[in-house]
Amino acid sequence: MLFNSFVFFLVFLPLSLVGYFVLSKYSIKASIIFLLAASVYFYGYWSLAYLPLLLGSIAVNYGLGCWIKHFKDSGFEAGSKYALILGLFLNLGALVFFKYFDFLLVNVGTLLGQAWLPVGIVLPIGISFFTFTQIAYLVDCQAGKVSEYRAENYGLFVTYFPHLIAGPIIHHKDMMPQFADPAAHVFSKGRITLGLLIFTVGLFKKVVLADGVAVFVGPVFDVHHASLTMAEAWVGALAYTFQLYFDFSGYCDMAYGLSYMFGVVLPVNFNSPYKARSIIDFWRRWHITLSSFLKDYLYVPLGGNRSGRTRRYLNLFITMLLGGLWHGANWTFIVWGALHGVYLIINHAFRRLFRGDVVGRERSQGSSALMVVSGACLTFLSVVLAWVFFRASSVAVAMDVLKAMSQGTYVLQPGNLAGLNRIMNLESGILWVLACACIAFLMPNVDDLLVRGKHLGIERRLQTTVGATWFGFASVIILLLLAITETRGVSEFLYFNF
Amino acid sequence: MRFTVKLAWGVMLALGILEACFRVLPVNSGLRMVSTSAAEPYSRYLPRQPFVYSHGWALMNARQGVTNNLGFINAADFIQTPSQVLVIGDSFIESFMHNYAETVQGLLASALGMGVETVATSGNSLADSLQLLKTFAPLMRPSAVVIFVKTSDPSDLSEITAAPLQGHNGFAQEGQNVVLHHALYQESSLKQWVMKSALIRYVYYNLKFPEWLARALQFGKPMGRENDTSTVIDRAAQKQRFMRYYLAELNMLKQAYGLHITFLLDADRNALYPSVKNKTQALNLQDQADFSRFAVDSGFELLDMQPIFERHWSAHREQFDYLPADGHWNTVAHKLAADALLPRLKPIVNGGMAISQ
């Protein structure tokens, strides 16, 4: 089920809210079990075939978590480590099998001179997210950071529908207290209205901005990549840059708003990343929960910055390479990750050379506007170039587009009847890209407007009749946006593919 | 109670703001159709009607225009003198998103320097083209007729056995005979009234929400016998009967009025583009092959755009439509079609006359 569909908004969401809050009056445990069942239904509506995988994964990881706790409580530290290793093996094994088996098969075959064909394993939706969520849980269990072991709460923690399919990647320690908090189970008109308003912002980003600019991406990357004018290639690359941002951040806003209605605050995932002034700053703003996961569970265990500069750079590179691979089984993602690894190494080296990054220097000494602007422009340009690999179906296609961006690979000829609008309405594409750029660079994000966390003051204000007006207002806007997306053909979120 | 009133106020406020926004945007105005009757069994718009056209949710290809004195779009005004060429078609020829000079008929008029008339309305089928020729051949007395035929659209070959849309014609079997059947269109006064709202016009014309709703409500209904082998064979035979009837009727008109008729066949454009995502609408090749064979056997000329589009694609990599958003021909396709028609029409038409649009 998609957030941007009538069936979700008019049927699933109201029934889930009513069931959750009615049951909460009698029993918090019952309401949690109800929300767990609703979330499982949400996933099953998508893909019944992979429901056993999800449920099996939850059961195994919950069991392993209890096992780790038991070993730790009985002072058998080594046992808890073995259980963790088993958990990592099972989780990563499932991920590798479903996500990378075909990729490995083909590439190993190529290395061995064998033409092995992919067996066609279909990626279960959300597997990357629920696997990472549970790996983090097991590691936290082993580190003694987990104190809550109720099965229904754990089940809800993994399946909770606002985050299940495409994140954000959540932490056990952040979510469990919220599920158990009695205040979260009390119905509040103000909270529902605020959640609905945030949901509206996300839906607008997805339906109007992301899907609107998306029409200028396909012709460049899928159809005409071999012969593009410079302008076409740049419009395609920039259009994808904004499509991906508005699509994913729109999804995250919608997930945040939905979760807020249930009294649960999800972690921040985006903070206007294209306003970043350096690549380091970019990774503090883009897909923040993944960056944090990679830092906490990969970069730091690899040694982080504790073993000298060279080792630190190597750790950074490995982390970004694997972060790229996490997005999908394709060399394009590996190149994308490697590029960002190199960017980060250069950025850190540059910082070291000049003793402080652009942001730090600005804060401490008041760096020049020129430095800030050039840092931001260079960062944005580097990110756009890397997105070309992220979007392209192969490295060869990405190279085609990059070559066209540098010098053009097609020159308009007298026989061209459509002129500039040869493969798409280029003027319209430029306007869309400019509009998206203005919004991404100049407007505040939901985070800036609200400051994350619980907004009890705003909730109280929206609890009054003012809230009713906003509720009615947002409902109409949402219905129109849903009518647009449904009649156009509902488009999935890009991160559902990862 | 106060909560409900305030909620209603919020709803009204949002509707008001949306209405105000859409009033300044080029929302599709729609066009009022003339009610059809047994005496006038074809669809057309009210004559001299101004309109705003835009396509889809993003108001793509926005354009303003006025219908001609007969109620057709992108058509020269009809004057009571014999024309040289009559172009008959559907929305591809009507071509809301283009100026007259960019359309097949406009380009032909400009190149031939003589009267080119157009009778084309959205949703027209093969049966409509027959009805239109029956009506306008005696009135316009053209030397040459160009009939546009889509091969992959529900209103043409692939659904030739389907019941006609309101205001349009279809073929029907009455005993042993095939006949033309017209579905009457009567304009609803309620529709006229509600379409004054720009927001409603946006939802109705740009989003085509009622069509989506109808499809959504049909989803999941049992398929019935449509896919039974016997039903498929029956339908194929029925299609062939209807095609033969159509061509026989056209032949009679051809002989009665001394017409030279050329079929302008659309191409399977999706097959040209390398994107897998675009290949959603498969062309019914059997229907196209049957129609082409019957048409040539009956002495009609065919202009198949497939090889022409293929050549242009391989040389210039230009699309011929607005896919994936809109499958209608763009100016490239119109120009190529006009260029291909010209050498065929020039020997037929002789002498020219100025025509006013």
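Angles under 35 degrees count as roughly parallel, over 145 as roughly antiparallel, 65 to 115 as roughly perpendicular and the rest as oblique. This is a predicted model, in which local features need pLDDT of at least 70 and side-chain atom pairs count only at pLDDT 80 or more, while totals for chains, interfaces and linings use all residues. Residues are numbered from 1 along each chain as its sequence is written, chains are lettered from A and ligands numbered from 1 in the order in which they are written, and side-chain values use heavy atoms, leaving out hydrogens and water.

**Helix pairs in chain A**

Helices (H or I, at least four residues) and strands (E, at least two) are DSSP runs, numbered from the N terminus. Axes are lines fitted to C-alpha atoms, for helices over the stretch in contact, and angles run from 0 to 180 degrees between N-to-C directions.

| Helix pair, chain A | Angle | Axes apart |
|---|---|---|
| Helix 9 (residues 189-214) and helix 11 (residues 230-261) | about 160° | 7 Å |
| Helix 14 (residues 309-326) and helix 15 (residues 331-354) | about 150° | 7 Å |

Helix 14 of chain A is therefore roughly antiparallel to helix 15 of chain A. The residues of their contact comprise 14 nonpolar, six polar and three charged; Ala, Val, Leu, Ile, Met, Phe, Trp, Tyr, Cys and Pro count as nonpolar, Asp, Glu, Lys and Arg as charged, and the others, Gly among them, as polar. Helix 9 and helix 11 of chain A are likewise roughly antiparallel to each other, and 20 nonpolar, six polar and six charged residues form their contact.

**The sheet in chain B**

Chain B has an open sheet of five strands in the order 4-3-5-8-9, with parallel pairing; two strands pair if DSSP finds at least two bridges between them. Strand 4 (116-120) and strand 9 (301-304) of chain B are the edge strands, each pairing on one side only. From one strand to the next the twist averages 20°. Strand 3 (residues 85-89) of chain B runs parallel to strand 4 of chain B and is joined to it by five bridges. B:Val87 has B:Thr118 in strand 4 of chain B as its bridge partner.

Helix 11 (residues 305-316) of chain B packs on the sheet and touches strand 8 (260-265) and strand 9 of chain B, where contact means heavy atoms within 4.5 Å. The direction of this helix makes about 25° with that of strand 9 of chain B.

**The interface**

B:Phe3, B:Trp57 and B:His316 supply 23% of the area that chain B buries against chain A, more than any other three residues.

Definitions and conventions
Buried area = accessible area lost by both parts, 1.4 Å probe.
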